Amino acid sequence: MNTEILKIVGDVTADSAGLRRAANIIKRGGLVVFPTETVYGLGADATNAEAADKIYSAKGRPADNPLIIHVARPEDAEPYAVLGDMYYRLAEAFMPGPLTVILTARDTVPSKTRGGLPTVAVRCPSSKIARELISLSGVPIAAPSANLSGSPSPTSARHVIDDMMGRVDMIIDGGDADIGVESTIVRINPDDTLTLLRPGKITPSELSALGAKVDISDAVLDKLPEGQVAESPGMKYRHYAPKAPVVLLDGDLEKIVKYIINDEKAGHNKAALCYTEDMEELSHRLPEVYLFDLGSRSDALERAHRLFGSLREADKHSFDIIYAPLPEKCGVDLALYNRMIRAAAHKIIKL
Ligand code: TXA
Ligand code: MG
């Protein structure tokens, strides 16, 4: 397939001819990769089952893993999902923005788009390019992250081109994604409590500040026991995993250094993700280890922004092992914790 790359710099309306071309591809049932404020999305007409099917093939995604439908305004989800009071409270506080809400679906959403579930995931992104594309298309756009299934979500056009060239009709290059981790996903339960299914930039305490009770799904922090059904199907799949094994180290810097030096069975070609504040000391104490600067210890947003790019970069080298500090389980760090335990296939070493 021939893939057109449309680069949009600056004002979105300045390239409306290109965006109209993109919208026509969506209307005809084709695939367009577009930027959002979280990560790039691989989009198709959410109301067209054949178009949704093409998303699964382009990504190599299992058919039971449902897609998020993206709308230009929160109320535009009305024909596709049952929107109650809690949805509008969440919308008022966080939309447009990096929040996805799980709602009861209407049958206007093909079963293919929802991975066969009775519910549907709705998100109204804040990215202007994304919203303009959805408006011009006149339909909600179903879009998972635009990576090949199993590799880290793409946060730059370069990542998308590496994964999707020749697999989609168009790639819209809108520069680096602002946030760099995927949206926070919450389910609204029948009693209007919320269940956090995937942590992101919007944190549990920001959600509770709305007055809602928020609980955290088991699969956010732990490995699901064998046989348990995942509340969000995506959580049961291996994710974000670089080719080299990742090991999370839970301890202070001193213990981490000793562990890495003494870990002889790991092979010689070692890498470590580290906090900016530790880079200089580690470069002296671990001269043989390839160091990635994850960002500042005190700036979880910066680290979220860099994580997927670092994991992709790590894949270009053939490391025997990649060490990383275990993130905390609060605030935006919870999103990093959730992504990193998956990258590490839950291998955490308590030091
Ligand atoms: O930031 C984002 O959310 C990005 C951008 C492109 O919008 N999208 C994204 O989509 O991360 P994806 O498909 O990579 O992740 C969506 C997750 C999957 O784990 C899927 O299982 C879950 O949402 N999901 C979708 N529909 C669901 C539903 N009805 N019930 C529970 N989980 C659902
Ligand atoms: Mg994804």
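Predicted model: local features only at pLDDT ≥ 70, side-chain atom pairs only at ≥ 80, totals over all residues.
Guide: Residues are numbered from 1 along each chain as its sequence is written, chains are lettered from A and ligands numbered from 1 in the order in which they are written, and side-chain values use heavy atoms, with hydrogens and water left out.

Visitor: Why is Asn189 called buried?

Guide: Buried means under 20% relative accessible area, with exposed over 50% and partly exposed in between, for a 1.4 Å probe and protein chains only. Asn189 has 13% relative accessibility, and therefore counts as buried. Its place is in the loop between β9 and β10, where strands (E, at least two residues) and helices (H or I, at least four) are DSSP runs numbered from the N terminus.

Visitor: What makes the pairing of the side chains of Asn189 and Arg187 a polar contact?

Guide: A polar contact is a pair of N or O atoms within 3.5 Å; within protein, one must be able to donate a hydrogen and the other to accept it, and residues adjacent in sequence count only if both atoms are side-chain atoms. The side chains of Asn189 and Arg187 make such a contact at 2.8 Å.

Visitor: How do you know that the buried residues of α8 line one face of the helix?

Guide: The buried residues of α8, which spans residues 253-262, are Leu253, Ile256, Val257 and Ile260. Seen down the axis of α8, they fall within an arc of 100°, so they line one face; the arc is that of the directions from the helix axis to the C-beta atoms. An α-helix has 3.6 residues a turn, so residues three or four places apart point the same way. The buried residues of α8 pack against β12, β13, α9 and β15.

Visitor: What makes a space a cavity, and how many of 30 Å³ or more are found?

Guide: On a 1 Å grid over the protein atoms alone, a cavity is a set of points where a 1.4 Å probe fits but cannot get out, and lining residues have an atom within 4 Å of a point. A search of the whole structure finds one cavity of 30 Å³ or more, and the largest cavity holds about 50 Å³ of space. Among the residues that line the largest cavity are Tyr275, Arg303 and Asp333, and α11 gives the largest share of this lining, three residues.

Key: Contact = heavy atoms within 4.5 Å. 1 Å grid on protein atoms, 1.4 Å probe; cavity = no way out; pocket = protein on both sides within 12 Å on 5 of 7 lines; lining within 4 Å. Points joined across faces, edges and corners; volume = space filled by probe spheres on them.
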